[in-house]
Amino acid sequence: MRFYKIQAEWFAQLMQLQRAYKAEIGEPAPTEAELKNLQRAIEEGQIQFYGCVCGDALVACCSICVTYSTFQYGKSGILEDFYICPAHRHRGIARKLVAFAREQSGVGALTVGCADCDVQMYQAIGFRTRLGNLLAFEA
């Protein structure tokens, strides 16, 4: 298993993981327009994706959006898009991928919003500080 910051050569496989991720959490698959927007955001550095490659296949991914946080008064990141192909789960990829992404992104802390059913999994890979509730405001 190897870990990478995802660049253009992995984009097609990343899109497969994005579709699988959305299906697993019960959300609609991204449209072609949304995927083009995502590709542009990656190219412009608005979002960073990291992945785990086994053999020649991208089998896991996560994204980090870098921001400034007064939680630690420094660069912080928001973790999203965390997905591991079912056949590759329970092999230690999760903890290693998140650690790699945090280190490579240069953030001091990561935050994640998750469903109640995922809290224990995120705690097991290092997310232990509760910061209240995370809510989204959409236009």
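Predicted model: local features only at pLDDT ≥ 70, side-chain atom pairs only at ≥ 80, totals over all residues.
Five strands form an open sheet in the order S1-S2-S3-S4-S5, and their pairing is mixed. Strand S1 (2-5) and strand S5 (109-112) are the edge strands; each has a single partner strand, so one side of each is left without a neighbour in the sheet. From one strand to the next, the twist averages 30°. Strands of a sheet pair through backbone hydrogen bonds, and the pairing may be parallel or antiparallel. The table lists the pairs in this sheet.

| Strand pair | Sense | Bridges |
|---|---|---|
| S1 and S2 | antiparallel | four bridges |
| S2 and S3 | antiparallel | seven bridges |
| S3 and S4 | antiparallel | nine bridges |
| S4 and S5 | parallel | four bridges |

Arg2 stands opposite Val53 in S2, and Val53 has Leu58 in S3 as a bridge partner. Val66 stands opposite Gly77 in S4, while Ser76 stands opposite Ala109 in S5.

**Connections between strands**

S2 and S3 form a hairpin with two residues between them. Gly55 lies in that turn and has a positive phi of about 65°. S3 and S4 also form a hairpin, with four residues between them. In this turn Tyr73 has a positive phi, of about 55°.

How is S4 connected to S5, the strand with which S4 pairs in the parallel sense over four bridges? The chain crosses from S4 through H3 to S5, and this β-α-β crossover is right-handed.

**A helix on the sheet**

S1 and strand S2 (residues 48-54) are joined by four bridges. Helix H1 (residues 11-24) packs on the sheet and touches S2, strand S3 (57-69) and strand S4 (74-84). The direction of H1 makes about 80° with that of S3.

**Two buried residues**

Ser105 is found in helix H3. Is Ser105 buried or exposed? Its relative accessibility is 6%, so Ser105 counts as buried. Apart from neighbours within four places in sequence, Ser105 is in contact with Gln48, Tyr50, Ile64, Val66 and Lys75. One of these, Val66, is the residue that stands opposite Gly77 in S4.

His88 sits in the loop between S4 and helix H3 (93-105). His88 has 18% relative accessibility and therefore counts as buried. The side chain of His88 makes a polar contact with the side chain of Arg91, at 3.3 Å. When neighbours within four places in sequence are left aside, the contacts of His88 are with Cys54, Val59 and Ile93.

**Cysteines**

A disulfide is a covalent bond between the sulfur atoms of two cysteines. How many disulfides does this model have? The count comes to zero, with a cut-off of 2.5 Å between the two sulfur atoms. Cys52 is in no disulfide, as the nearest cysteine sulfur, that of Cys54, is 4.2 Å away. Cys52 has 0% relative accessibility and so counts as buried.

Definitions and conventions:
Residues numbered from 1 in each chain as written. Heavy atoms only, no water. Pairing = 2+ DSSP bridges. Axes fitted to C-alpha atoms, helices over the stretch in contact; angles between N-to-C directions. Contact = heavy atoms within 4.5 Å. Buried < 20%, exposed > 50% of the residue type's maximum accessible area, 1.4 Å probe, protein only. Polar contact = N/O pair within 3.5 Å; in protein donor to acceptor, adjacent residues only side chain to side chain. Right-handed = clockwise from strand over helix to strand, strands pointing away.
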